[in-house]
Amino acid sequence: MDYVIVLILQVLYSVASLALICAGLAVVFGMMRVINLAHGEFIMLGGFTAVFATQAGIPIVISMLIIAPFVVGFVGLLAEQLVVRFLYGRMIDTMLATWGLSLLLIGAATMLFGNSVAGISAPFGSFKVGQYGVSFYEMFVVAVTVGIMIIGFCVLRYTKLGLIARGTMQNPEMASSLGISPSRVYSITFAIGAALSGLAGALLAPLSGVLPTMGKAFVAKAFITVISGGEAILVGLISASGLLGAFSTLATFATTPVIGDAALLFAAIVLLRFLPNGITGRFFRGSI
């Protein structure tokens, strides 16, 4: 029984961490149809920001939840203003530009921080489930992820900002005729997506460590999960993360982490074979 409880908690953590990794990409790709190949590097920047802010004496929770998203969101805003905004509607060009940005950020981080792993200790300690130890911090990550999903739903569904954002993405010409600046909405949306990526990197830093090339480990998972979710941003993200994260974790417990990652990819391929428009292309239509 203890093993089953621990397994359930690990599935919850895996699903939450996958959703957290994908949240920034889901906002940028789901709302703007921009394929941001620098998504993994935004996660990396969030991790480094949290590490250095904590080492500078800032409380770790503030470093992760406030400092890292703000810094990476600002970097994302600069990237949108200087590069991405000139390439909307040109998907291949956007991919190439963000790939170049990815290489630039990896090179800059390697020169500034070196090619070694930096990290901080996970706070809060652990608790016992029978003979097994479970990290309080992993449950904290689950709670933060749930909070992000609830806040995102409320903003998109019930606020004027969410209405403007969704309307602008669906029909920018109509939004412009109503006095809304589509370019400003795009900038804010891209910055929010970058900030969410930075938050993901900061929260995962105590568990995985941070190094300049860590983004490569996340970007493939993020893309395949977001595509599997389909058109709806939040519902697609939650459903795909839940399905793929649970399948990968169960495969990992039964075999090895490598097989678990392969199982996630296999599950996504099978899912897209039968649901080519993603989960929300077939189910939950009209949802956010």
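R85 comes out as partly exposed, at 28% relative accessible area (buried is under 20%, exposed over 50%, and partly exposed in between, using a 1.4 Å probe and protein chains only). The side chain of R85 pairs up with that of E80 in a salt bridge, at 3.6 Å from N to O (the term covers a side-chain nitrogen of Lys or Arg within 4 Å of a carboxyl oxygen of Asp or Glu). The structure is a predicted model, with local features needing pLDDT of at least 70 and side-chain atom pairs counting only at pLDDT 80 or more, while totals for chains, interfaces and linings use all residues. Residues are numbered from 1 along each chain as its sequence is written, and side-chain values use heavy atoms, leaving out hydrogens and water.

E80, the partner of R85, is a buried residue, with a relative accessible area of 0%. It belongs to helix α3, which covers residues 60-82 (helices are DSSP runs of H or I with at least four residues, strands are runs of E with at least two, and both are numbered from the N terminus). Apart from neighbours within four places in sequence, E80 touches R85, Y88, Y186, S187 and F190 (contact means heavy atoms within 4.5 Å).

Searching the whole structure turns up 3 salt bridges. One of them joins R90 to D93, with the closest N and O atoms 2.8 Å apart. R90 is partly exposed at 41% relative accessibility, and D93 is partly exposed too, at 30%. Another joins the side chains of K221 and D261, at 3.3 Å from N to O. This pair links distant parts of the chain, as K221 sits in helix α9 (residues 216-229) and D261 in helix α11 (residues 257-274), 40 residues apart. K221 counts as partly exposed because its relative accessibility is 28%, and D261 does so at 40%.

Helix α9 itself has 14 residues and runs 21 Å from its first C-alpha to its last, close to the 20 Å expected at 1.5 Å a residue (the expected span is 1.5 Å times one less than the number of residues). Buried residues in α9 include F218, V219, A222, F223 and I224, along with T225, V226, S228 and G229. Among the elements covering the buried residues of α9 are α1 (2-32), α2 (39-55), α8 (182-208), α10 (233-254), α11 and α12 (279-282). After α9 comes G230, with a positive phi near 90°.

The largest cavity holds about 50 Å³ of space. Its lining is made up of A26, G30, T225, V226, G229, G230, E231, A232, I233, G236 and L237. Helices α1, α9 and α10 are the elements that give two or more residues to this lining. By class, the lining has 5 nonpolar, 5 polar and 1 charged residues (Ala, Val, Leu, Ile, Met, Phe, Trp, Tyr, Cys and Pro count as nonpolar, Asp, Glu, Lys and Arg as charged, and the others, Gly among them, as polar).

Finally, there is S102, found in helix α4 (residues 91-113). S102 counts as buried because its relative accessibility is 6%. Setting aside neighbours within four places in sequence, S102 is in contact with L37, A38 and E41.

Methods: 1 Å grid on protein atoms, 1.4 Å probe; cavity = no way out; pocket = protein on both sides within 12 Å on 5 of 7 lines; lining within 4 Å. Points joined across faces, edges and corners; volume = space filled by probe spheres on them.
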